Amino acid sequence: DDRKLTLPLKLSTFLQMVMPEPKGTQDDIYSIDSEDLKSKFPIRILIAEDNKINQKLMLQTLNYFGYLPGIAQNGLEALEALKVNTYDLVFMDIQMPEMDGLEATRAINRLYQSDRPVIIAMTASALLEEKQLCFMAGVDDFFSKPAKMENIGEMIQKWGPRILGERANENPLPL
């Protein structure tokens, strides 16, 4: 290895030299062709998020991957959106006004037994108790905010095959 450190030494340069590159880096997600994820997993996505900045971040990331998601400002709007359109996956903020994400998740679980969308909770808290509350309410998965491109891409890659498999089972082709 012929890498050399020069002075003055920056901490970031030093860390790059001594820390091994983790497996499954961000480059894995960025290397996905922007349309590749959508072509592999043609699913319908709803964003339930009240914060405009987080909405924009989610929207831009999903647009990058080729998706045109619906947007709901709170849990009540998410329920209304599900009545009007069929969504396969909901990115659900947990803390929203009027109806929070946990209450909306419980309502979705009551209203949609067989064709329920996958619900991925998003919260600014990384506390284990909050994560447990999310799963007790019936969410399928969880990640901490701020949402990162790789979190969103990983969730679509993780849940896309199951969603598409269930959709194929609901609409079998006639023999």
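**Helix α7 and its surroundings**

Helix α7 gives way to Gly-138, a residue with a positive phi near 110 degrees; helices here are DSSP runs of H or I with at least four residues, strands are runs of E with at least two, and both are numbered from the N terminus. The model is a predicted one, in which local features need pLDDT of at least 70 and side-chain atom pairs count only at pLDDT 80 or more, while totals for chains, interfaces and linings use all residues. Residues are numbered from 1 along each chain as its sequence is written, and side-chain values use heavy atoms, with hydrogens and water left out.

Gly-138 lies in the loop that links α7 to β5. Setting aside neighbours within four places in sequence, Gly-138 is in contact (heavy atoms within 4.5 Å) with Thr-105, Asn-109 and Arg-116. Its C-alpha atom is 9.9 Å from that of Glu-103, a residue 35 places away along the chain.

Turning to the helix itself, α7 spans residues 128-137 and has Glu-130, Cys-134 and Ala-137 buried. These three share one side of α7, because they cover an arc of only 70 degrees around the axis, the arc being taken from the directions from the helix axis to the C-beta atoms. On the face turned away from this buried side sit the exposed residues Leu-128, Glu-129 and Met-136. Buried stands for under 20% relative accessible area and exposed for over 50%, with partly exposed in between (1.4 Å probe, protein chains only). The cover over the buried residues of α7 includes α6 (101-111), β4 (118-123) and β5 (141-144).

How do α6 and α7 pack? Their axes are 9 Å apart and meet at an angle of about 20 degrees, where axes are lines fitted to C-alpha atoms, for helices over the stretch in contact, and angles run from 0 to 180 degrees between N-to-C directions. The two helices are therefore roughly parallel, a label for angles under 35 degrees. At this contact, Leu-102, Thr-105, Arg-106 and Asn-109 of α6 meet Leu-133, Cys-134 and Ala-137 of α7.

How values were computed. Angles under 35 degrees count as roughly parallel, over 145 as roughly antiparallel, 65 to 115 as roughly perpendicular and the rest as oblique.
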